[in-house]
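I set out to record what I looked up in this model.

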Amino acid sequence: MPDGCTAGAKIVGDRYFLLKNRDLIWGGFRDSIVFESDVFFVTGVNVGDGKPCGASFGFNRWGLAGCNTTVLVTPNKAYDALLERILRETKSIEDAFNLVRVDIESGNRYQWCNFVLASPICVGAIEIGDGVAILETDSTIVTRTNHHLILPTADNLKRASLAEREAGGPLITSQQRRQDAAKLLSEAKSLMDMTQVLSTHREGRGFDSICRHRSPDPRSDPYLGETVYSYIAEVSGFNSENIEFRIKVAAGNPCVNTYDEFVIDFDSPESKYNLLSNFP
């Protein structure tokens, strides 16, 4: 069940934000989470069997955060498993890319995707295609939707079937969505600004809309889906001994649903209990 998502990361002063709208074609979806001593993440879903698999959005105690967006459904492995490895095994964007590169060079193949990553040093995106991966880094901002910006895969995506794109939608709508997200994120400075980015619509509220709404007649457009969750991670205190982690989560369309905020303390059993008990 690949996500048709909009994702971005931005460093603002001594903090960064990682944000993602999770768009899925299945109704009634509810997240599951993993919160351990070194890592927190929302689980992904294996398109092959519909079972929880790997990580869709999360961060680790060393200050590295990441999320993913689908590009093309293939018979290969779920990319969520690779993102989980990044969160568990690496502490920087450079280390994360090296892990991906070595893994692919060893022969592993994944569904085509983007990983959006954030750290106290920089932000970045890893694009993964057919046996290839490439890294983009920036000192401040990065955005991705459901296509590659660097890998030359546009012609493949234009020829792809609706099923192969699933909730990613047509290439042109993904391009429009990323352009909107990049412009809005470049102007965003506060947590409130980030929620407004994720709540933004185009007129039709469809594939080209950051906040996507289900069609009144889902049978007529079965791959449109809707935004089922919206996440914002805020990581601050880079220059102190204790990095502070917060996550805001809205279940459903963020334009009409309230974000719940949680402070995540990897050393606090109370923090873990509160999150596991109250995650929407």
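**Helix H2**

I took exposed as over 50% relative accessible area, buried as under 20% and partly exposed as in between, with a 1.4 Å probe and protein chains only. Helices (H or I, at least four residues) and strands (E, at least two) are DSSP runs numbered from the N terminus.

I note that this is a predicted model, in which local features need pLDDT of at least 70, side-chain atom pairs count only at pLDDT 80 or more, and totals for chains, interfaces and linings use all residues. Residues are numbered from 1 along each chain as its sequence is written, and side-chain values use heavy atoms, with hydrogens and water left out.

I then listed the buried residues of H2: Ile93, Ala96, Phe97, Leu99, Val100, Asp103 and Ile104. Seen down the axis of H2, they fall within an arc of 155 degrees (taken from the directions from the helix axis to the C-beta atoms), so they line one face of the helix. An α-helix has 3.6 residues a turn, so residues three or four places apart point the same way.

After H2 comes Gly107, with a positive phi near 115 degrees.

What do the buried residues of H2 pack against? I found helix H1 (79-89) and strands S7 (112-118), S8 (123-128) and S9 (133-138). Contact here means heavy atoms within 4.5 Å.

Leaving aside residues up to four places away in sequence, Ala96 touches Ile86, Thr90, Leu117 and Ile126. I also looked up Ile210, 114 residues from Ala96 along the chain; their C-alpha atoms are separated by 27 Å.

**Largest cavity**

Ile210 is one of the residues lining the largest cavity. I counted as a cavity a set of points on a 1 Å grid over the protein atoms alone where a 1.4 Å probe fits but cannot get out; lining residues have an atom within 4 Å of a point. S1 (6-12), H5 (171-187) and H6 (191-198) each supply at least two lining residues, and S1 gives the largest share, three.

Notes. 1 Å grid on protein atoms, 1.4 Å probe; cavity = no way out; pocket = protein on both sides within 12 Å on 5 of 7 lines; lining within 4 Å.
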